[in-house]
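I opened this entry to keep track of what I looked up, one topic at a time. The structure comes first and the notes come after.

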Amino acid sequence: MNIKYYFQSIYKSKDSKSNSKAMKTIDKSTLKDIKSITLNTENVESFSIPSHLILDADFIILDKRNKDDDYRTQSGYIKFANEAADIIEGESDEDSDQCTLGERLLGYCDVCVLDILFNDGSSFCIQLPYDPLTESMHGAEIELSNCPSIEFDENNDLVLCFGEKSKQFKRVDNNYSDLILGWKEKYGDACPDIIKGRLDGLSSFGNDFEQKFDISFKSCNLPGKAIRLRFINVTQCDLDLTFDQAYCELRMSRTSTGKIYVDIEGTLTFFCSCIYVYGYDFEQNKRIAGKHFDDDIFFKALYFTISEDVLQDFAYSKHYPRNASVYVDHERIKRAFESYLDGSLTREFLHHWIYFYKSMIDACDFHNELFKKIYAILDILYYSLTYKLNDAIAEKFVRKSYDKLKSIIG
């Protein structure tokens, strides 16, 4: 029987969240009908996994919204045997420059579409929940929050999760009353989906380690019509100098790193550590917004003389040194890698330490090529270690990163 015809003949139930027709549940009992599943990434790479490497699945195929759409799913997972990590991207196994599924997706899991091929020759193209944080000026992806995740489980099998099952950071966009200190005092219960208006003024001030912005915005959908905000510890600012005074949108989201990403549509984008309504007593309430520390906890973290629990709490807190440059030490990075490889540091400690060290580079706001390369190496390794890799693969990632690091800093 044609699988596609079978699916279309049985969908009767309603999905309560989406008000869409549920066509078919794909689970362990229906895997016998599947010949292969292909994972397609946002930048058009694909990995085809044959049926004998597909161990389990649980998700519902939803009907198309219209005839030109793909089929969809909202939440679920697919489990692949460990050997799937070695599958080469594309159709050819002979090109040595092609990456494996494990190398590609464990570092950057941007799977957005599944192609399911059935034994009878029919197929389905299924759109996964995929909503990365994206900047408005060039459409670049800032991070893969609200996107699928992939990781090794306790049996070293690969598990792709999507929707509510995903292990990626769950991002909330434009929750102004939570992100902006003093919002409720100024605007009460007002909570627009997106602030719309006109950028009316921008000023920048501060020192090298605590850059600040003041932005005035004439809003068309807030009580009082005007909003003036102060942004603390501004970094990675991109400005389009050709912008006009037309109406635009003020977007903001807290990222997985704890920083807030701000995007004034088509005009200005940046990261910051804190936002408050102008006039809010920030100094008095600094405990809420994040503190600066001069004590020796930075040196203890840098030289590994700190417990893993304390490092974890400290690395992900909103603490900033007054002069971050004194804590940046190239030899410490190499020593961290070496200490993990010789067994002196645990993988969890290295993982938290890399996040701590990245925050030091962020605090320095270095823009030279050397620090860009160092940061890129640490960033990729950090997110690779975020997934539950088995020990052998984790060590492989660390050694590869260590070799790259030595090649650029000696």
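**Whole chain**

I noted at the start that this is a predicted model. I counted the elements and found eleven helices and 24 strands in the protein chain. I then looked up burial: of the 410 residues in the protein chain, 48% are buried. I also checked the contacts with a separation of 6 or more, and 63% of them join residues 24 or more positions apart.

**Helix H10**

I checked the length of helix H10, which covers residues 369-386. Its 18 residues, at 1.5 Å a residue, should span 26 Å, and the end C-alpha atoms are 26 Å apart, so the two values agree.

Next I asked which residues of H10 are buried. I listed Phe371, Ile374, Ile377, Leu378, Leu381, Tyr382, Ser384 and Leu385. These residues lie on the same side of H10, because they cover an arc of only 165° around the axis. I wrote down the general rule beside this: an α-helix has 3.6 residues a turn, so residues three or four places apart point the same way. On the other side of H10 I found Glu369 and Ile380, which are exposed.

**H10 against H11**

I looked at how H10 sits relative to helix H11, residues 391-409. The two axes come within 10 Å and cross at roughly 175°. An angle over 145 degrees counts as roughly antiparallel, and H10 and H11 are therefore roughly antiparallel to each other.

Which residues make this contact? From H10 I recorded Leu370, Lys373, Ile374, Ile377, Leu381, Ser384 and Leu385. From H11 I recorded Ala394, Phe397, Val398, Ser401, Lys404, Leu405, Ile408 and Ile409. Sorted by type, the residues of the contact are eleven nonpolar, two polar and two charged. I noted that Ile374, Ile377, Leu381, Ser384 and Leu385 are in the contact and are also among the buried residues of H10.

**Helix H7**

I did the burial check again for helix H7, residues 308-315. Leu311, Phe314 and Ala315 are its buried residues. They cover an arc of only 95° around the axis, which puts them on the same side of H7. The face turned away from that buried side carries Asp309 and Asp313, which are exposed.

I began with Ser339, which is in helix H8, residues 330-341. Is Ser339 buried or exposed? Its relative accessibility is 3%, so Ser339 counts as buried, the cut-off being under 20%. Apart from neighbours within four places in sequence, Ser339 is in contact with Phe304, Ser344 and Leu345. I also looked up a distance: the C-alpha atoms of Ser339 and Leu350 are separated by 8.8 Å, and these residues are eleven apart along the chain.

Ile78 came next, in strand S7, residues 76-80. Its relative accessible area is 0%, so Ile78 is buried. Not counting residues up to four places away in sequence, Ile78 touches Ile37, Ile54, Asp56, Ala57, Phe59, Leu114, Leu158, Val159, Leu160 and Phe162. One of these, Phe162, is 84 residues from Ile78 along the chain, yet their C-alpha atoms are separated by 9.0 Å.

I then looked up Cys109, which is in the loop between helix H2 (101-105) and strand S8 (111-118). Cys109 counts as buried because its relative accessibility is 1%. Leaving aside neighbours within four places in sequence, I found Cys109 in contact with Leu144, Pro148, Ser149, Ile150, Leu160, Gln168 and Tyr387. Cys109 and Glu151 are 42 residues apart in sequence, and their C-alpha atoms are 9.6 Å apart in space.

**Positive phi**

Val44 has a phi near 65°. Val44 is in the loop between strand S3 (34-41) and strand S4 (46-50). With a relative accessible area of 72%, Val44 is exposed.

For Gln236, phi is about 50°. Where is Gln236 placed? I found Gln236 in strand S18, residues 235-239. At 42% relative accessibility, Gln236 counts as partly exposed.

Conventions
Residues are numbered from 1 along each chain as its sequence is written. This is a predicted model: local features need pLDDT of at least 70, side-chain atom pairs count only at pLDDT 80 or more; totals for chains, interfaces and linings use all residues. Side-chain values use heavy atoms; hydrogens and water are left out. Helices (H or I, at least four residues) and strands (E, at least two) are DSSP runs, numbered from the N terminus. The expected span of a helix is 1.5 Å times one less than its number of residues. Buried means under 20% relative accessible area, exposed over 50%, partly exposed in between (1.4 Å probe, protein chains only). The arc is that of the directions from the helix axis to the C-beta atoms. Axes are lines fitted to C-alpha atoms, for helices over the stretch in contact, and angles run from 0 to 180 degrees between N-to-C directions. Angles under 35 degrees count as roughly parallel, over 145 as roughly antiparallel, 65 to 115 as roughly perpendicular and the rest as oblique. Contact means heavy atoms within 4.5 Å. Ala, Val, Leu, Ile, Met, Phe, Trp, Tyr, Cys and Pro count as nonpolar, Asp, Glu, Lys and Arg as charged, and the others, Gly among them, as polar.
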